[in-house]
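Subject: Structure for your review

Hello,

I am passing on the structure we talked about. Please open it next to this message and follow the residue names as you read.

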Amino acid sequence: MTPGLWELVLKGIWVTLQLLFLGSLVAGAVSFVVGVARTSRRWIVRFLAGLYTEVFRGTSALIMIFWVYFVLPLAFGWQLVPLWAGTLALGLTYGAYGSEIVRGALNAVDPAQREGGIALSFTPWQRMRLILLPQAVPEMIPSFCNLLVELLKGTALVSIMGMGDLAFSGNLVRLALQESAEIYAYILLIYFVIAFVITRLMRVLERRLKAGLGRAPERPAAARETRRASASGVGAASGGTS
Amino acid sequence: MTWDWSAVGDFMPLFRDGLLVTLKALALGSLISFALGLVWALLMRAPTRWVRWPVGAVTEFVRNTPLLVQLFFLFYVLPEWNITFSALTTGVVAIGLHYSTYTMQVYRAGIEGVPAGQWEAATALNLPLRRTWTAVILPQAIRRVVPALGNYVISMLKDTPMLMAITVLEMLGEARLYSQEHFQFTEPLTVIGVAFILISYPASLLLRALERRLVR
């Protein structure tokens, strides 16, 4: 490969990383808002949040991307810059999966903790902020790590709309080189390296957060996956959407 | 926002074709992933590290890279190696391969979930290894993993639109074709979006019921 083609790949990596970062910000915000809403006392809030989750989890990320690109401009008369369109579609879809993680972790906090908050006459918001979230967040990290890798894999979808991410630049280089095996092997490897870095960083984060609570992180990855697979709640959230 | 019901009607025959292709890809992809996943899971229990390590590394790699790029890889590289499949076959193989790395974990959990006493009983009865697996371990393991496998079938369903990128005319492919010819995007995209929800939501309810019954 010539330096010019490598430059193309580098640009692709940059776009993919931007999408990953912005998409995870949106997805994280959506996860927490919708996930907390699903534990609300008002049924209408729970219902709407549940509806959101089912709709965005029920369709596929690629269909959402098509929707944001083609239907939004026609329907509402505003078109998003490709980067923001991709961010929005990915963030909303993966946020729906994330909301299940948040809900599950909040429900897993010992009920006595909630009751303690009530006994101290904390407001619901204070209970959430001071008691529930600090204990629930470290438990969410392993699941969010998986979700982040899924989001990374999901960013490749925007290449179908012609956005110059890593998968797209791979296609361009393929056309230039007429040699597919080499370039795709590189592209796959780059994705793998990014995923590997994500996994490592999240493990460090988990250790930090759990140390703050005086707990040890779950150590072996194998045991974690085992438990998750055997105790997987349905809703397909536990699965992969790549 | 304009909604044109006649476009919905026009799109219906194409939608039906696309739905059939989607379901076909889903069925075949599921079969491949179920079978391959079991093979990986059994290989991961091999006594020698020289089998376990490569299988672990390859499946880890496949699981952490995008299915879309894997699709492109198979679609463009295989012909260069003089292996030619139809686009649908390539897509089915890619989906099956990708998800086999997930089902592998499910099987592993299922196998590890079989109580140790069952192994000991098989040893006590002097069952040969093959019989131990086929008559004792796997029947109990598979029962436990059915709901988790079902989850991945739903995930696979939601990944089938990617096949559009390698020219397979499944639901999204048909929708895109239609919308490009008629310049009506809203209707076909909404129809297939709703179709996905109508399939995946009842399926997940069904799985939840099945899980309650099988796993306890």
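Below are notes on the aromatic rings, the charges over them, and a surface patch. Keep in mind that this is a predicted model.

Aromatic pairs

Over all chains, the search of the whole structure gives 22 aromatic pairs. One of them is A:Phe32 with A:Phe144, a stacked pair with 6.2 Å centre to centre and 25 degrees between the planes. A:Phe32 belongs to helix α1 (residues 3-37) of chain A and A:Phe144 to helix α6 (residues 124-155) of chain A, so this contact ties together parts that are 112 residues apart in sequence. A:Phe32 is partly exposed, at 29% relative accessible area, whereas A:Phe144 counts as buried because its relative accessibility is 15%, and the cut-off for buried is under 20%.

In chain B, the planes of B:Phe73 and B:Trp81 stand at 80 degrees with the ring centres 6.4 Å apart, so that pair is edge-to-face. One aromatic cluster takes in residues of both chains: A:Phe66 and A:Phe70 together with B:Phe183 and B:Phe185.

Charges over rings

A:Arg174 lies over the face of B:Tyr76, 3.4 Å from the ring centre. B:Arg49 lies over the face of B:Trp50, at 5.5 Å from the ring centre.

Surface patch

A:Trp43, A:Ile44, A:Val45, A:Phe47, A:Leu48 and A:Leu51 make up a nonpolar patch on the surface, and together they have about 590 Å² of accessible area. Of these, A:Leu48 sits in helix α2 (residues 43-58) of chain A and is partly exposed, with a relative accessible area of 48%.

Regards

Notes: Residues are numbered from 1 along each chain as its sequence is written. Chains are lettered from A and ligands numbered from 1 in the order in which they are written. This is a predicted model: local features need pLDDT of at least 70, side-chain atom pairs count only at pLDDT 80 or more; totals for chains, interfaces and linings use all residues. Side-chain values use heavy atoms; hydrogens and water are left out. Rings of Phe, Tyr and Trp (its six-membered ring) pair if their centres lie within 6.5 Å; planes under 30 degrees apart count as stacked, over 60 as edge-to-face and the rest as tilted. Helices (H or I, at least four residues) and strands (E, at least two) are DSSP runs, numbered from the N terminus. Buried means under 20% relative accessible area, exposed over 50%, partly exposed in between (1.4 Å probe, protein chains only). A charge sits over a ring if NZ of Lys or CZ of Arg is within 6 Å of the ring centre and within 35 degrees of the ring normal. Patches are made of residues with over 30% relative accessible area and no salt bridge: like charges are joined within 9 Å, nonpolar side chains (Val, Leu, Ile, Met, Phe, Trp, Tyr) within 5 Å. Accessible areas come from the Shrake-Rupley method with a 1.4 Å probe; for residues, only the protein chains shown count as cover. A salt bridge is a side-chain nitrogen of Lys or Arg within 4 Å of a carboxyl oxygen of Asp or Glu.
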